[in-house]
Amino acid sequence: MKVAVAGCCHGALDKMYETLELLQRRHNVRPDLLLCCGDFQAVRNEADLRCMAVPAKYRHMQTFYRYYSGEKKAPVLTVFIGGNHEASNHLQELPYGGWVAPNIYYLGYAGVVRFRGVRIGGISGIFKSHDYRKGHFECPPYNQQTIRSAYHVRNIEVFKLKQLKRPMDIFMSHDWPRSIYHYGNKKQLLKMKSFFRQEVESNTLGSPAASELLQHLKPTYWFSAHLHVKFAAFMQHETNSKEELPKATKFLALDKCLPHRDFLQIIEVEHDPNAGDSLEYDAEWIAVLKATNSLVNVTQSSWNMPEKNGLHAKWDYSATEEAIKEVLEELNHNLTIPCNFTLTAACYDPSKPQKNMEPVHTINPQTTEFCAQFGLTDINDRIQQAKEEGSGRGEYEGEEEEEEMDSTGSAEEPSEYSTDNSGLSSINPDEIMLDEEGGDEDLSTCSVDPSPDHPPEFSTSFSDIRIMPDSMAVSSDDAMDSNNEELDKSGASRQGEEKSSTERPLKRISGEENGNSGVKKIKRRNQAIYAAEDEEK
């Protein structure tokens, strides 16, 4: 089947869907599925805008609300993960995933689903070491800290995904797995984004948590976004035994959604021709959720996941065949995800703007139904209980001011993994820019006018689409052949500069290697990204 993959959508749904329709009209190519790798911006109203951590000049309504209200419907099944520029209050309603609009499905904090027999997983948010070991404690109305920490990846989501044993076809993350740039054309990447050089050379660009998932899951495809540049890589995984067949991952990072930018990729994926056209639950994932339900934490206290270190009675929460069978029996072998989308907030009305609308903490009926069906903890219900108990004592832990920390996320904290001295630091160019833009000082500011980045009407250019061949054209054998010219033109890249890079395992960098300096250099890189965007406008 044909799968379309998009990078940072930034609320420009009309742009994405019009481009896909143009593809069908001109070339008779109709994708069966659309995947979006974060910064989707499912903004329903003015209150949602107040929950989006972006500088004021980027806080625009865009067009999602038309799909939420039913005015429009997505022409193709769309599955997306969250990024670091989202209406966090909306996505928080669906921690286990769910429909944000008809035919548009959010994977949750982490999730796995199936479509036509293809297994699709993803993890939302970006990595920050100082929030990694906390629970999901945030709830609207957010304060200056929680509006950001709400979209930071947590160790429990990574732990759940690492319990999976069955093969993964496609996986999505917003930020890149750390070290993946060693398996593609670094020279071309640094030519396009020279301000990445220091982090690439020090091996600190990207998420170490995503790297661990890449090593464990070994998916056929891994898609990311976040850095607003197109980049391809090919990673051959090491086998754990002689009996294990070699596996490789084709990685692709997508550019952001803008007119005249190559932001869509079409790939052909093998599927089960006998499978239906409905989105389905993944039985192993449901079994893992049930097994790890006792680990749910809604406090901001730091904690490690269970591991085999003599400190935990149980550390293996993977699903047994019997547990998976029980899930199938509970569902009567019908894994179809119900189309139970429900409006949970007022929809934006251009004729009646409400700029002072305040966000509220909402329990979504989809989550209530999902948790009741599988015996899971409703995270938002637990947060509300904790808030009520705390308010009775005159305090609520989730609303306490957090200790001021370096925005680079370089705070030293022990990890629950074997490399406990890892700094687990990562860099997010967009988030750091909030400090410089003064975004935190004016969280109430929002605009309901069309964004200059995404005008409401435009003439779609077919240059926005690339159809990727089956090979993804990134294998080490043909890294330097003539086909590389076409990928270079599109902003994609080939397998690494040195042959030895394909043999280099992904690794984490210790706190000593990362250091705690470099904030000014990070900001320069960030300024370069936004300067480039402003020039495009």
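**Helix H13**

I looked up helix H13, residues 365-374, and found Gln366, Thr367, Phe370, Cys371 and Phe374 buried. Buried here means under 20% relative accessible area, exposed means over 50%, and partly exposed is in between, with a 1.4 Å probe and protein chains only. Seen down the axis of H13, these buried residues fall within an arc of 125 degrees, so they line one face of the helix. The arc is taken from the directions that run from the helix axis to the C-beta atoms. I noted the general rule that an α-helix has 3.6 residues a turn, so residues three or four places apart point the same way.

The model is a predicted one, where local features need pLDDT of at least 70, side-chain atom pairs count only at pLDDT 80 or more, and totals for chains, interfaces and linings use all residues. Residues are numbered from 1 along each chain as its sequence is written, and side-chain values use heavy atoms, with hydrogens and water left out. Helices (H or I, at least four residues) and strands (E, at least two) are DSSP runs numbered from the N terminus.

Next I checked what the buried residues of H13 pack against: strand E4 (98-101), strand E13 (279-281), helix H11 (283-291) and helix H12 (321-330). Contact means heavy atoms within 4.5 Å.

I then looked at both ends of H13. At the start, a side-chain oxygen of Asn364 reaches to within 2.9 Å of the backbone nitrogen of Gln366. After the helix comes Gly375, with a positive phi near 70 degrees.

**H11 and H12**

How do the axes of H11 and H12 cross, and within what distance do they come? They come within 8 Å and cross at roughly 105 degrees. That makes H11 roughly perpendicular to H12, a label for angles of 65 to 115 degrees. Axes are lines fitted to C-alpha atoms, for helices over the stretch in contact, and angles run from 0 to 180 degrees between N-to-C directions. On the H11 side I listed Ala283, Glu284, Ile286, Ala287 and Lys290; on the H12 side, Ala323, Ile324, Val327, Leu328 and Glu330.

**Loops**

Asn103 has a phi of about 70 degrees and lies in the loop between E4 and strand E5 (104-106). Asn103 is partly exposed, with a relative accessible area of 24%. His226 has a phi of about 75 degrees and sits in the loop between strand E9 (221-224) and strand E10 (231-236). At 2% relative accessibility, His226 counts as buried.

Last, I noted that the peptide bond from Pro140 to Pro141 is cis, with omega near 0 degrees.

Technical notes: Polar contact = N/O pair within 3.5 Å; in protein donor to acceptor, adjacent residues only side chain to side chain. Parallel < 35°, antiparallel > 145°, perpendicular 65-115°, else oblique.
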